[in-house]
Amino acid sequence: MKTYTKQKLTFDQFLEQCPEEGLYELVDGEIVEVRATRNHDDVANFLLFGFNDEIRRQNLNYVVNNTAVFKTITANEIEQGRKPDVSVIDKDKWRSNRSAYAALEEPIQLAVEVTSTNWEDDYLDEYQRLGITEYWIVDYLAIGLREYLGNPKVPAVFVFLLDAEGKYQCTHFRGSERIESRTFPKLALTAEQILTA
């Protein structure tokens with residue numbers, strides 16, 4: 001992971017200065033390159049295409065992509081620019097300003113992060129604070145904490161749903177368990193299909 005800036009940037013400065021080639025996030029005021037393995041991309045693309053198929057099949061008012069960047073705020077009031085591996089966004093919100101770049105400041109419907117070298121970054125708090133209704137962590141490498149993955153560690157898909165108080169409630173899925181999604185209630189995918197994509 002390369003860091004490209006020394007001064008602390010705002011979200012707007014990040015959007016102006018972010019290189020056009022490659023994938024980047026704003027982390028603690030710095031532009032950080034996000035790199036992924038082919039396996040990571042395979043898992044993310046499997047979900048992107050699966051969600052897209054579900055949107056078409058059910059005629060849902062969503063768009064799905066892997067380019068959306070949105071602003072989050074940490075508990076310490078630091079602006080971050082996050083780019084989930086997969087984003088599901090209300091189509092009306094997305095299309096409200098079609099000439100805008102892919103940056104959003106309002107919550108999206110569903111964000112998916114596939115674990116990688118920055119798995120410790122606190123997306124959970126930031127996404128919860130922003131009000132993202134549904135957030136998935138796909139830990140196909142079983143690199144998360146034992147308190148979540150068990151001992152021995154077993155790959156899992158974690159689905160976080162906002163409750164009435166605005167706090168995430170987590171359910172994890174393994175093996176042949178069918179993923180339960182608020183955004184896609186008829187989705188017919190198992191944890192194993194996602195984890196081995």
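This is a tour of a predicted model, stop by stop. Residues are numbered from 1 along each chain as its sequence is written. Local features need pLDDT of at least 70 and side-chain atom pairs pLDDT 80 or more, while totals for chains, interfaces and linings use all residues; side-chain values use heavy atoms, without hydrogens and water.

**Domains.** Colour residues 1-35 as domain 1 and 36-196 as domain 2; such bounds come from an automatic or database domain assignment. The two centres, taken over C-alpha atoms, are 21 Å apart. The contact (heavy atoms within 4.5 Å) takes 15 residues from domain 1 and 16 residues from domain 2.

**Helix 2.** Select residues 38-58, which form helix 2. Helices are DSSP runs of H or I with at least four residues, strands are runs of E with at least two, and both are numbered from the N terminus. Show the side chains of Glu-54 and Arg-57, which meet in a salt bridge at 2.9 Å, N to O. The term means a side-chain nitrogen of Lys or Arg within 4 Å of a carboxyl oxygen of Asp or Glu. Glu-54 is buried at 6% relative accessible area, whereas Arg-57 is exposed at 53%. Buried is under 20%, exposed over 50%, and partly exposed in between (1.4 Å probe, protein chains only).

**Lys-71.** Next select Lys-71 and Glu-105, a salt bridge of 3.3 Å, N to O. The pair links distant parts of the chain, 34 residues apart: Lys-71 is in strand 4, and Glu-105 is in the loop between strand 7 and strand 8.

**Asp-85.** Move to Asp-85, in the loop between strand 5 (79-82) and strand 6 (86-90). Asp-85 is buried but has no salt bridge; Lys-83, the nearest side chain of opposite charge, is 4.8 Å away. Here Lys and Arg count as positive, Asp and Glu as negative, and His and the chain ends are not counted. A polar atom of the Asp-85 side chain lies 2.7 Å from the backbone nitrogen of Val-114. Beyond four places in sequence, the contacts of Asp-85 include His-40, Asn-65 and Glu-113.

**Strand 10.** Finish at residues 156-162, where six of the seven residues are buried. Strand 10 runs antiparallel to strand 9 (residues 134-139), with six bridges, and antiparallel to strand 11 (residues 168-173), also with six bridges. Strands pair if DSSP finds at least two bridges between them. Find Leu-161, the bridge partner of Glu-134, and Phe-158, opposite His-172. In the hairpin of strands 10 and 11, Gly-166 has a positive phi near 80 degrees.

Conventions: A polar contact is a pair of N or O atoms within 3.5 Å; within protein, one must be able to donate a hydrogen and the other to accept it, and residues adjacent in sequence count only if both atoms are side-chain atoms.
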